[in-house]
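Please look through the structure shown below with the following report at hand, which takes up a few local features before turning to the whole chain.

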Amino acid sequence: MADQAVQVAFDPTGKTFNQRLDACLSDAAKKYSITIRKDTGRTAEWQQKLHIAHMFLYNKYATTTPANTEPGKRTIEWSHLSDPKTLWNTVNFTEILRTKTGAAPGKVGNAWAKGSEPDRAKTEARAAQLLQSEGIGNNGQAMVSSGLKPCGEPCSCGAGRSKHLDGLAADLNSNDLTQLETKLKQAKAGTVDDYLKKFGLHRPLLNHPSSPEKWHVEALP
Ligand SMILES: [Zn+2]
Ligand SMILES: [Zn+2]
């Protein structure tokens, strides 16, 4: 007799995002022998640090801008970011700001210590390097949501907190997804999105106009 448990389709109704994702990933392992890796261990500080780097360097949001905008641009104003009186929320300025020599700047009271002022080019390089080394998608060019609710200094853009921090979204490994796509094709079992849909999941940013994300998965409403 066939294994009944395997034959019963998963019903996502009333299930949380994580229950749906667990069901999907264990099905992919069982049926297609693929272990799909997902992001783990995000914290509000990690998320906010990379959000600031993103809002300072390129800002992929369509309508959201920081409270202090660089003239003629949509990014965080350099004079605000580098102001020693700007009080950073959750993330320490030493994480992102860099001096001419590439060191973290230091303060004496409310002012930068002499010779320890932030340098724009070095800070831009530091922000780009952070986004790359922390594995932000599209080669460190993807949209990064705030870690705070609401977003705080030095950005204060008003964008919503990342769904990742509330257990409502996950980023799946892109190579693993490509493997799944191939296996589904071989099995004539439809597309990755058809497959996700069986578990009440979807990829809402797949066709995002400025920052498409094929790895970002959420629950279907
Ligand atoms: Zn922000
Ligand atoms: Zn994501």
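## The loop at Lys188

Lys188 sits in the loop between helix H7 (174-186) and helix H8 (192-198), and its phi is near 50 degrees, a positive value in a residue other than glycine. The model is a predicted one, and this angle is therefore a computed feature of a prediction. Lys188 counts as exposed, because 6 other C-beta atoms lie within 10 Å, where the cut-off for an exposed residue is 12 or fewer.

## Backbone features between H6 and E3

Most residues other than glycine have a negative phi, and most peptide bonds are trans. Against that background, the loop between helix H6 (137-140) and strand E3 (169-171), where Pro150 has its place, deserves a look. A cis peptide bond joins Lys149 and Pro150, with omega at about 5 degrees. Pro154 also lies in the loop between H6 and E3, and a cis peptide bond, with an omega of about 10 degrees, joins Glu153 to Pro154.

Ser156 belongs to the loop between H6 and E3 as well, and its phi, near 50 degrees, is a positive value in a residue other than glycine.

## The chain as a whole

The protein chain averages a pLDDT of 94, and 97% of the residues score at least 70. Residues 1-5, however, stay under 50 in pLDDT, and the model has one contact beyond four places in sequence for them. Where pLDDT is low, the predicted coordinates should not be read in detail.

The protein chain holds eight helices and five strands, and from the N terminus on its elements follow the order α-α-α-α-β-β-α-α-β-α-α-β-β. Along its principal axes, the C-alpha trace spans about 80 × 30 × 30 Å. Of the 221 residues of the chain, 28% count as buried, and among contacts between residues at least 6 apart in sequence, 60% join residues at least 24 apart.

## Two domains

The domain assignment of the protein chain gives domain 1 (10-39 + 167-219) and domain 2 (44-161), with the C-alpha centres of domain 1 and domain 2 lying 32 Å apart. The contact between them takes four residues from domain 1 and five residues from domain 2. On the side of domain 1 that touches domain 2, the residues are one nonpolar, two polar and one charged by class.

## Helix H3 and the largest core

In soluble globular proteins, nonpolar side chains tend to be buried together. The largest nonpolar core here has 21 residues, of which Ile52, Ala53, Met55, Phe56, Ile96 and Cys155 touch the most other members. Helix H3 (44-57) and helix H5 (120-133) are the elements that give two or more residues to this core, and the largest share, five residues, comes from H3. Leaving aside residues up to four places away in sequence, Met55 touches Pro66, Thr75, Ile76, Cys155 and Cys157. Apart from this core lies another, of 17 residues, among them Ala28, Tyr195, Phe199 and Ala219.

Why can H3 be called largely enclosed by the rest of the structure? Ten of its 14 residues are buried, so the helix is largely enclosed by the rest of the structure. The buried residues of H3 include Gln47, Gln48, Lys49, Leu50 and His51 as well as Ile52 and Met55, and the buried residues of this helix pack against helix H4 (78-81) and H5. From its first C-alpha to its last, H3 reaches 20 Å, close to the 20 Å expected at 1.5 Å a residue. Just after H3, Asn59 takes a positive phi of about 50 degrees.

## Ala23 in helix H2

Ala23 is found in helix H2 (residues 17-32). What does Ala23 touch, not counting residues up to four places away in sequence? On that basis, Ala23 touches Phe10 and Phe199. Ala23 and Asp11 are twelve residues apart in sequence and lie 9.9 Å apart in space, C-alpha to C-alpha. Ala23 has 18 other C-beta atoms within 10 Å and is therefore partly exposed.

Terms used: Residues numbered from 1 in each chain as written. Chains lettered and ligands numbered in written order. pLDDT = per-residue confidence, 0-100. Contact = placed C-beta atoms within 7 Å. Core = buried A, V, L, I, M, F, W, Y, C linked by C-beta atoms within 7 Å. Buried ≥ 20, exposed ≤ 12 C-beta atoms within 10 Å, placed from the backbone. Helix = DSSP H or I, 4+ residues; strand = E, 2+ residues; numbered from the N terminus. Expected span 1.5 Å × (residues − 1). Domains from an automatic or database assignment. Nonpolar A, V, L, I, M, F, W, Y, C, P; charged D, E, K, R; others polar.
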